[in-house]
Amino acid sequence: ADPTPRPPRPESHGTILVVDDDESVLRVAQRMLERAGYETIAAASGAAAVARVAERPDAVSVVLLDVTMPHLGGEETFDLLREQRADLPVLFFSGHSKEAGAQLAASRPLAGFVQKPFTLAELEVALEDLQAAAEKARRDPVPTRR
């Protein structure tokens with residue numbers, strides 16, 4: 001693994017809502033993203049994440065969402081966020097089951113998954129892939145070609 005972070009790409013900049021009930025994970029993820037050139041908004045619970053998006057729905061480019069949280073878990077939070085903004089890209093992350101997290105993401109449009117602990121490079125690749133898919137969906141929301 002190359003310890004030198006890649007320079008941020010202009011098209012990858014945006015505001016990422018980081019959602020995790022573990023304060024230390026939340027802060028580390030924010031620092032990583034800020035180092036990569038993103039702005040971040042923190043939410044320590046699913047309910048806080050839903051409130052942040054309700055306050056400023058267009059301010060958030062992507063949500064980085066922990067799968068396992070008390071009270072309002074990642075799956076329920078995802079559903080509530082998508083009720084507010086159907087096109088909001090969500091990158092799930094978990095330190096638990098990689099298979100369950102990947103299945104959760106695969107079953108939802110504009111969703112991805114990254115396994116904790118992750119490196120900045122892994123996170124950047126997952127975010128770039130998710131943002132490219134979101135841009136493609138905006139350009140061509142309903143496939144017209146066969």
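Predicted model: local features only at pLDDT ≥ 70, side-chain atom pairs only at ≥ 80, totals over all residues.
User: What makes up the overall fold in terms of helices and strands, and in what order do the elements run?

Analyst: The protein has 5 helices and 5 strands, and from the N terminus on they run β-α-β-α-β-α-β-α-β-α. Buried residues account for 45% of its 146 residues, while the exposed surface comes to about 8,100 Å², with carbon and sulfur atoms supplying 54% of that area. Among contacts between residues at least 6 apart in sequence, 62% join residues at least 24 apart.

User: Why are helices α2 and α3 called roughly parallel?

Analyst: Helix α2 (residues 46–55) and helix α3 (residues 74–84) pack at an angle of about 10°, and their axes are 9 Å apart. Angles under 35 degrees count as roughly parallel, and because the angle here is about 10°, α2 is described as roughly parallel to α3.

User: What makes the pair of Phe93 and Phe118 edge-to-face?

Analyst: The ring centres of Phe93 and Phe118 are 5.7 Å apart and their planes stand at 85°. Rings pair if their centres lie within 6.5 Å, and planes over 60 degrees apart count as edge-to-face, so the values for Phe93 and Phe118 meet both conditions. This pair links distant parts of the chain, with Phe93 in strand β4 and Phe118 in the loop between β5 (111–115) and α5 (120–139), 25 residues apart. Both Phe93 and Phe118 are buried, and a search of the whole structure finds 2 aromatic pairs.

User: How do you know whether Pro89 is buried or exposed?

Analyst: Pro89 has a relative accessible area of 2%, and since buried means under 20%, Pro89 is classed as buried. Pro89 is found in the loop between α3 and β4 (90–94). Leaving aside its neighbours within four places in sequence, Pro89 is in contact with Ser61, Val62, Val63, Arg82, Leu110, Leu130 and Ala134. The C-alpha atoms of Pro89 and Glu135, which are 46 residues apart along the chain, are separated by 9.9 Å.

User: How is Ser94 classed, and what does Ser94 contact?

Analyst: The relative accessibility of Ser94 is 2%, and Ser94 therefore counts as buried under the 20% limit. Ser94 is found in strand β4, and beyond its neighbours within four places in sequence, its contacts are Asp66, Val67, Thr68, Phe113, Val114, Gln115 and Lys116.

User: Why does Arg27 count as partly exposed?

Analyst: Arg27 has 32% relative accessibility, and because buried means under 20% and exposed over 50%, with partly exposed in between, Arg27 is placed in the intermediate class. Arg27 lies in helix α1 (residues 23–35), and its C-alpha is 8.2 Å from that of Ala42, which is 15 residues away in sequence.

User: What makes the backbone at His71 and Leu110 worth noting?

Analyst: Most residues other than glycine have a negative phi. His71, although not a glycine, has a positive phi of about 70°, and Leu110, also not a glycine, has a positive phi of about 50°. His71 is in the loop between β3 (62–66) and α3, and at 88% relative accessibility it counts as exposed, because the limit for that class is over 50%. Leu110 lies in the loop between α4 (98–106) and β5, and at 19% relative accessibility it counts as buried, since the cut-off is under 20%.

User: Which peptide bond is described as cis, and what is its omega?

Analyst: The peptide bond from Lys116 to Pro117 is cis, with omega near -10°, and Pro117 is found in the loop between β5 and α5. Most peptide bonds are trans.

Terms used: Residues numbered from 1 in each chain as written. Heavy atoms only, no water. Axes fitted to C-alpha atoms, helices over the stretch in contact; angles between N-to-C directions. Helix = DSSP H or I, 4+ residues; strand = E, 2+ residues; numbered from the N terminus. Parallel < 35°, antiparallel > 145°, perpendicular 65-115°, else oblique. Buried < 20%, exposed > 50% of the residue type's maximum accessible area, 1.4 Å probe, protein only. Contact = heavy atoms within 4.5 Å. Areas by Shrake-Rupley, 256 points an atom, 1.4 Å probe, with all protein chains shown as cover. Phe/Tyr/Trp six-rings, centres within 6.5 Å; stacked < 30°, edge-to-face > 60°.
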